[in-house]
Amino acid sequence: MYTTLRLVAVCFAVAIGAGLIGELWVVSLDILSLSEAARGVLFLLVALGLMGYQRLSLVLSAIICLPTVLTHPLTLSNNLLVTAQHALLALSLVLLVLHTRHMSDDA
């Protein structure tokens with residue numbers, strides 16, 4: 001179950017990263033849109049780390065979701081990227097809790 005949830009987190013991170021980078025085609029190019037695209041690149045890099053088994057990538061995925069989570073509270077919004085970042089944050093925190101159990105089972 002741990003590995004499956006980790007792969008779901010990878011899919012979330014890749015989708016969010018691609019979405020943030022893809023927004024460059026539909027918004028005006030300013031410093032805010034470029035910084036969001038840079039966060040998209042970070043999501044793609046963290047997705048590579050999530051394919052492994054270390055805790056660092058889980059912590060990093062939670063940290064890069066925080067700006068959106070803090071500025072956009074979870075409401076019934078139509079922004080899929082905001083909702084996906086909320087879900088990735090929750091999933092990362094759950095996986096962090098499960099990580100110690102998973103690693104102790106392997107030992």
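Two residues are in contact, in the sense used throughout this tour, when they have heavy atoms within 4.5 Å of each other. The model on screen is a predicted one, in which local features need pLDDT of at least 70 and side-chain atom pairs count only at pLDDT 80 or more, while totals for chains, interfaces and linings use all residues. Residues are numbered from 1 along each chain as its sequence is written, and side-chain values use heavy atoms, with hydrogens and water left out.

**The whole chain**

Start with the protein chain coloured by secondary structure, where you will find four helices and zero strands, in the order α-α-α-α from the N terminus; helices are DSSP runs of H or I with at least four residues, strands are runs of E with at least two, and both are numbered from the N terminus. Of its 107 residues, 35% count as buried, a term that stands for under 20% relative accessible area, with exposed meaning over 50% and partly exposed the range in between (1.4 Å probe, protein chains only). If you switch to a surface, the chain exposes about 6,500 Å², and carbon and sulfur atoms supply 74% of that area, as computed by the Shrake-Rupley method with a 1.4 Å probe. Among contacts with a separation of 6 or more, 65% are between residues 24 or more positions apart.

**Helix H1**

Next select residues 2-22, which form helix H1; its 21 residues should span 30 Å at 1.5 Å a residue, and because its end C-alpha atoms are 30 Å apart, the two values agree. The expected span is 1.5 Å times one less than the number of residues. Now show the side chains of Tyr2, Arg6, Ala9, Val10, Ala13, Ile16, Gly17 and Leu20, which are buried in H1. They cover an arc of only 135 degrees around the axis, so they lie on the same side of H1, the arc being that of the directions from the helix axis to the C-beta atoms. Turn to the other side of H1, and Thr4 and Cys11 are exposed there.

Stay in helix H1 and centre on Arg6, which counts as buried because its relative accessibility is 2%. Not counting residues up to four places away in sequence, Arg6 touches Gly49, Leu50, Gly52, Tyr53, Gln54, Ser57, Leu58, Leu95 and His99. Leu5, also placed in helix H1, touches Leu91, Leu95 and Leu98 under that exclusion of residues up to four places away.

Move on to helix H2 (residues 31-50) and select Leu42, which counts as partly exposed because its relative accessibility is 41%. Its C-alpha atom is separated by 9.2 Å from that of Leu60, 18 residues apart along the chain. In helix H3 (residues 56-71), pick Thr68, which counts as buried because its relative accessibility is 6%. Leaving aside its neighbours within four places in sequence, Thr68 is in contact with Arg39, Val82, Gln85 and His86.

**The largest pocket**

Finish at the largest pocket, which has a volume of about 250 Å³. Of the 13 residues that line this pocket, the closest to its centre are Leu20, Glu23, Glu36, His72 and Asn79. H2 and helix H4 (80-106) are the elements that give two or more residues to the lining. On a 1 Å grid over the protein atoms alone, a pocket is an open set of points where a 1.4 Å probe fits, with protein on both sides within 12 Å along at least five of seven lines, and lining residues have an atom within 4 Å of a point. Grid points are joined across faces, edges and corners, and the volume is the space filled by probe spheres set on the points.
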